[in-house]
Amino acid sequence: MIRSQRYFFVYILSNFKRNVLYTGITSNLLRRVWEHKEGVVEGFTNDYQVHDLLYFETYDDPQTAIAREKQIKKWSRRKKNVLIAKQNPTLKDLYPTLV
């Protein structure tokens with residue numbers, strides 16, 4: 001039996017002012033960011049309007065992705081900002097590049 005490759009994504013979202021960050025994990029980045037943007041996701045991201053995708057990484061192993069998410073969540077804001085700036089120096093919303 002041939003299985004199609006499944007990917008896992010660690011992502012960082014922010015609000016319009018870029019003063020709030022949220023780190024998450026998903027197996028469907030396009031759908032998950034859309035859910036955040038549409039307010040489908042209850043809680044922190046909806047309360048603080050954290051809807052813009054600033055950063056993401058792709059993994060083919062869920063355990064590695066989970067470990068990376070936990071690692072990033074423990075980081076300081078400064079360290080997260082440096083990580084984001086390497087991939088996205090203008091801090092633009094990357095969601096349109098996914099669609």
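Student: Which exposed residues does the face of α3 turned away from its buried side carry?

Tutor: Gln 63, Lys 70 and Lys 74. Exposed means over 50% relative accessible area, buried means under 20%, and partly exposed is in between (1.4 Å probe, protein chains only). Before we go on: this is a predicted model, where local features need pLDDT of at least 70, side-chain atom pairs count only at pLDDT 80 or more, and totals for chains, interfaces and linings use all residues. Residues are numbered from 1 along each chain as its sequence is written, and side-chain values use heavy atoms, leaving out hydrogens and water.

Student: What makes Glu 69 buried?

Tutor: Glu 69 has a relative accessible area of 11%, and the limit for buried is under 20%, so Glu 69 is called buried. Glu 69 belongs to helix α3, residues 62-74. Helices here are DSSP runs (H or I, at least four residues), as are strands (E, at least two), numbered from the N terminus.

Student: What does Glu 69 touch, not counting residues up to four places away in sequence?

Tutor: Val 10, Thr 23, Gly 24 and Ile 25. A contact is called when heavy atoms are within 4.5 Å.

Student: How do you know that the buried residues of α3 are on the same side?

Tutor: The buried residues are Ala 65, Arg 68, Glu 69 and Ile 72. They cover an arc of only 105° around the axis, so they lie on the same side of α3; the arc is that of the directions from the helix axis to the C-beta atoms. These buried residues pack against β1, β2, β3 and α4 (77-87).

Student: Why is Val 40 called partly exposed?

Tutor: Its relative accessibility is 48%, which falls between the two limits, under 20% and over 50%, so Val 40 counts as partly exposed. Val 40 lies in the loop between α1 and α2 (44-47). Not counting residues up to four places away in sequence, Val 40 touches Trp 34 and Glu 35.

Student: How do you know that β1 and β2 pair?

Tutor: Six bridges join them in the antiparallel sense, and DSSP must find at least two bridges between two strands for a pair. Leu 13, for instance, stands opposite Tyr 22 in β2. On the β3 side, seven antiparallel bridges join β1 to β3 (residues 52-59), with Tyr 55 as the bridge partner of Ile 12.

Student: What makes β2 and β3 the edge strands?

Tutor: The open sheet has three strands in the order β2-β1-β3, paired antiparallel. β2 and β3 each pair on one side only. Helix α1 (residues 29-37) packs on this sheet, touching β1, β2 and β3, and its direction makes about 25° with that of β1. Such angles run from 0 to 180 degrees between N-to-C directions, with axes as lines fitted to C-alpha atoms, for helices over the stretch in contact.

Student: And what makes β1 mostly covered?

Tutor: Seven of its seven residues are buried. Phe 8, Val 10, Ile 12 and Ser 14 point one way, while Phe 9, Tyr 11 and Leu 13 point the other way. In a regular strand, side chains alternate between the two faces of the sheet.
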